[in-house]
Amino acid sequence: MERDVAKRWRNGNIRIACVGIENQTNPDPDISLRVMGYDGAEYRAQLLADHTDKSRYPVVTLVLYFGHKKHWDQPLRLKERLDIPPEFEPYVNDYKVNLFEVAYLTHEADGPVS
């Protein structure tokens, strides 16, 4: 899987985080599955890498939505996208997307769309 942009945040020789940025011009109902795949691939790479210090670092993905004709109207959580039988719901992990509606940001904007 390939991200639009991936930046490794370092402090000297220590990797602190991986920040991925995805650009969207149209709402995508599968964005939570895509982001989960990108993040999972990065965590898998950490497992497969030969780290002598066994350090692990967080992976953060930010989705920048550039659509200006309408607000984002698709699910931003994995559980909102899946048809989950009630008996399985407590066992299914959720996955949240950090989405910023760029065309609608104000000077006071302080975080992603919930």
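Phe 66 touches Asn 23, Gln 24, Val 102 and Ala 103, residues up to four places away in sequence being left out; contact here means heavy atoms within 4.5 Å. Phe 66 is found in the loop between E3 and helix H2 (78-81). With a relative accessible area of 38%, Phe 66 is partly exposed, where buried means under 20% relative accessible area, exposed over 50% and partly exposed in between (1.4 Å probe, protein chains only). The C-alpha atoms of Phe 66 and Ala 103 are 5.8 Å apart in space, and the two residues are 37 residues apart in sequence.

The model is predicted: local features need pLDDT of at least 70 and side-chain atom pairs count only at pLDDT 80 or more, whereas totals for chains, interfaces and linings use all residues. Residues are numbered from 1 along each chain as its sequence is written, and side-chain values use heavy atoms, with hydrogens and water left out.

The chain has two helices and four strands, and follows the pattern β-β-α-β-α-β when read along the sequence. Helices (H or I, at least four residues) and strands (E, at least two) are DSSP runs, numbered from the N terminus. The C-alpha atoms fill a box of roughly 50 × 45 × 25 Å, taken along the principal axes. Of the 114 residues of the chain, 25% count as buried. Among contacts with a separation of 6 or more, 62% are accounted for by residues 24 or more positions apart. The chain exposes about 7900 Å², of which carbon and sulfur atoms supply 53%; accessible areas come from the Shrake-Rupley method with a 1.4 Å probe, and for residues only the protein chains shown count as cover. There are 15 positive and 18 negative side chains, and the centres of the two sets lie 6 Å apart. In this count Lys and Arg are positive and Asp and Glu negative, while His and the chain ends are not counted; the place of a charge is taken as NZ of Lys, CZ of Arg, CG of Asp or CD of Glu.

Strand pairing requires that DSSP finds at least two bridges between two strands. Strand E1 (residues 5-11) and strand E2 (residues 14-24) run antiparallel and are joined by seven bridges, with Trp 9 opposite Ala 17 in E2. E1 and E2 form a hairpin with two residues between them, and Gly 12 in the turn has a positive phi of about 70 degrees. E2 is joined to E3 by seven bridges, and these two strands run parallel; Asn 23 stands opposite Leu 64 in E3. E3 also pairs with E4 in the parallel sense, over four bridges, and Tyr 65 stands opposite Glu 101 in E4.

In a regular strand the side chains alternate between the two faces of the sheet. In E3, Val 59, Thr 61, Val 63 and Tyr 65 form a covered face, and Val 60, Leu 62 and Leu 64 an uncovered one. Strand E4 (residues 98-101) is covered on both faces, with Asn 98 and Phe 100 buried on one side and Leu 99 and Glu 101 buried on the other.

The largest nonpolar core consists of eight residues: Ile 31, Val 35, Val 63, Tyr 65, Trp 72, Leu 76, Val 97 and Leu 99. A nonpolar core is a set of buried Ala, Val, Leu, Ile, Met, Phe, Trp, Tyr and Cys residues joined through side-chain atoms within 4.5 Å. Helix H1 (31-48) and strand E3 (59-65) are the elements that give two or more residues to this core. Beyond four places in sequence, the contacts of Tyr 65 include Pro 27, Trp 72, Leu 99 and Glu 101.

Two further residues were examined in helix H1. Glu 42 lies in this helix and counts as buried, at 9% relative accessibility. Residues up to four places away in sequence aside, Glu 42 touches Arg 8, Arg 15, Cys 18, Tyr 57 and Val 59. Gly 40 is also placed in H1, but is partly exposed, with a relative accessible area of 33%. From C-alpha to C-alpha, Gly 40 and Glu 101 are 24 Å apart in space, at 61 residues apart in sequence.

Pro 75 lies in the loop between E3 and H2 and counts as buried, at 17% relative accessibility. Pro 75 and Asp 30 are 45 residues apart along the chain, with their C-alpha atoms separated by 7.7 Å.
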